Amino acid sequence: MGWPVAHSRSPLIHGHWIAHHGLRGAYVPLAVQAGQLEQALRALPVLGFAGCNLTIPHKVQALSVLDQIDPIARRIGAVNTVVVQADGSLRGTNTDAFGYIESLREAQPAWVADKGPAVVLGAGGASRAVLCALMDAGVPLIRLCNRDGDKAQALVQEFGAGVQALPWSERHAALQGAQLLVNTTSLGMQGQDALEIRLDALPEKAVVSDIVYLPRITPLLAAAQARGNPIAEGLGMLLHQARPAFSAWFGTMPAISETLLHTVRTSL
Ligand code: ATR
C-alpha cells in the first residue's frame with residue numbers, strides 16, 4: 001500500500017518468490033491515499049490477504065492503526081510490513097534494519113561491526129532503520145551528520161550515547177578513523193543533487209554504503225571505488241528487507257537468486 005505505488009519494485013520481487021515456491025497467490029500494488037489507510041488495512045483479512053507492505057506515506061501512521069506493533073517497528077518509528085494474524089488482527093513490523101545489515105554483510109563479509117565508528121549521513125526514516133541495524137550489530141559509535149541539526153539531535157536523544165550528532169559541515173572531517181560510511185539521504189539519486197563529500201580522511205579499508213539504488217553505482221560509490229574502498233550498493237537493502245516479510249506471510253525465508261537480481265536490476 002502506498003501513494004504513489006506504481007513505481008514499487010516489490011511486486012516484482014515477491015511475484016518472483018511466489019512463483020518460485022509454487023504458491024497460489026499474488027502480490028499486487030494497492031494505491032491507498034493517506035486518509036484511507038485504516039479502512040484499507042481493515043479490509044485485508046476480509047479480502048483474504050496474508051498481509052502487505054507499507055510505503056510512503058503510510059509507514060508512520062500505521063503505528064497508531066495496527067493492533068500489535070513489534071519492538072523493532074517501535075524503535076524505528078515506522079511499519080513497513082503488516083501481517084494478518086489467524087484471528088484477523090493486524091501485526092506491524094519493520095524489516096528495514098534487517099535488510100540493511102544483511103545487505104551490508106552480503107556485500108562485505110569482512111566488515112566487522114565493533115572495529116570502529118560509523119558515519120551516517122541523514123536523519124530521516126531510512127536513517128532510523130540504519131541506526132538500529134548498526135547499534136544492534138555492535139557498532140561502538142555512530143557519527144550522525146544531517147543538514148537539519150535538530151533532527152540529528154533528536155535521534156541522539158532517542159537512541160542514546162552510541163549516537164553522536166555532528167553538524168552537516170563536519171561530514172568530511174567526521175570520516176577520520178571511520179570503518180563505515182552510510183548515505184541515507186536522497187542525495188545522489190537520479191534527478192536529485194549530488195552528495196558533496198570529500199573522502200580524503202576516510203581510511204582506505206572503510207566500507208562505503210549507499211541506500212540510494214538508482215543509479216546502482218551512485219557518484220558516492222564510484223568515488224569510493226576509485227580510491228579503493230569496498231562498497232555496498234543500495235539495491236541490497238531493497239532485496240533483503242523483502243525476505244523476512246515474505247517469510248512472515250508464507251513461512252519460508254526466500255533467497256536472492258541471480259535470476260531475481262538480474263530481473264530487478266534490469267527493471268531499474
Ligand atoms: P527517507 O525516509 O528516505 O529517509 P526522509 O525522511 O525524507 O526520507 O529523509 C531524507 C533525508 O535526506 C534527510 O536526512 C534530509 O535532510 P534534512 O533532515 O536536513 O531535510 C536529507 N536530504 C534531502 N535533501 C538534502 C540536501 N539537499 N542536502 C542535505 N540533506 C538532504
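Guide: The model is predicted. We may begin with a strand pairing: Asn53 stands opposite Thr81 in S3.

Visitor: Why are both faces of strand S3 said to be covered?

Guide: In a regular strand the side chains alternate between the two faces of the sheet. In S3 (residues 81–84), Thr81 and Val83 lie on one side, and Val82 and Val84 on the other. A residue is called buried if its relative accessible area is under 20%. All four of these residues are buried, on both sides of S3.

Visitor: What makes the link between the side chains of Arg91 and Asp70 a polar contact?

Guide: The limit for a pair of N or O atoms is 3.5 Å. The side chains of Arg91 and Asp70 make their contact at 2.7 Å, so the distance falls within that limit. Arg91 is placed in strand S4 (residues 90–93), and it also touches Thr81, Val82 and Val83, among others.

Visitor: Why is the crossing of H5 and H6 called right-handed?

Guide: A crossing is right-handed if the near helix is turned clockwise from the far one by less than a right angle. The axes of helix H5 (residues 125–137) and helix H6 (residues 149–159) cross at roughly 40° and come within 12 Å; H5 passes H6 in the right-handed sense. The contact involves Ser127, Arg128, Leu131, Cys132 and Met135 of H5, with Leu155, Glu158 and Phe159 of H6. Those residues comprise five nonpolar, one polar and two charged.

Visitor: Why are S7 and S10 described as standing at the edges?

Guide: The open sheet has six parallel strands in the order S7-S6-S5-S8-S9-S10. Strand S7 (163–167) and strand S10 (231–232) each have a single partner strand, so one side of each lacks a neighbour in the sheet. The partner S6 (residues 142–146) pairs with S7 over five bridges, and Cys145 stands opposite Leu166 in S7. H6 packs on this sheet, touching S6 and S7, and its direction makes about 170° with that of S7.

Note on methods: Residues are numbered from 1 along each chain as its sequence is written. This is a predicted model: local features need pLDDT of at least 70, side-chain atom pairs count only at pLDDT 80 or more; totals for chains, interfaces and linings use all residues. Side-chain values use heavy atoms; hydrogens and water are left out. Helices (H or I, at least four residues) and strands (E, at least two) are DSSP runs, numbered from the N terminus. A polar contact is a pair of N or O atoms within 3.5 Å; within protein, one must be able to donate a hydrogen and the other to accept it, and residues adjacent in sequence count only if both atoms are side-chain atoms. Contact means heavy atoms within 4.5 Å. Buried means under 20% relative accessible area, exposed over 50%, partly exposed in between (1.4 Å probe, protein chains only). Two strands pair if DSSP finds at least two bridges between them. Axes are lines fitted to C-alpha atoms, for helices over the stretch in contact, and angles run from 0 to 180 degrees between N-to-C directions. Ala, Val, Leu, Ile, Met, Phe, Trp, Tyr, Cys and Pro count as nonpolar, Asp, Glu, Lys and Arg as charged, and the others, Gly among them, as polar. Lists of a residue's contacts leave out its neighbours within four places in sequence.
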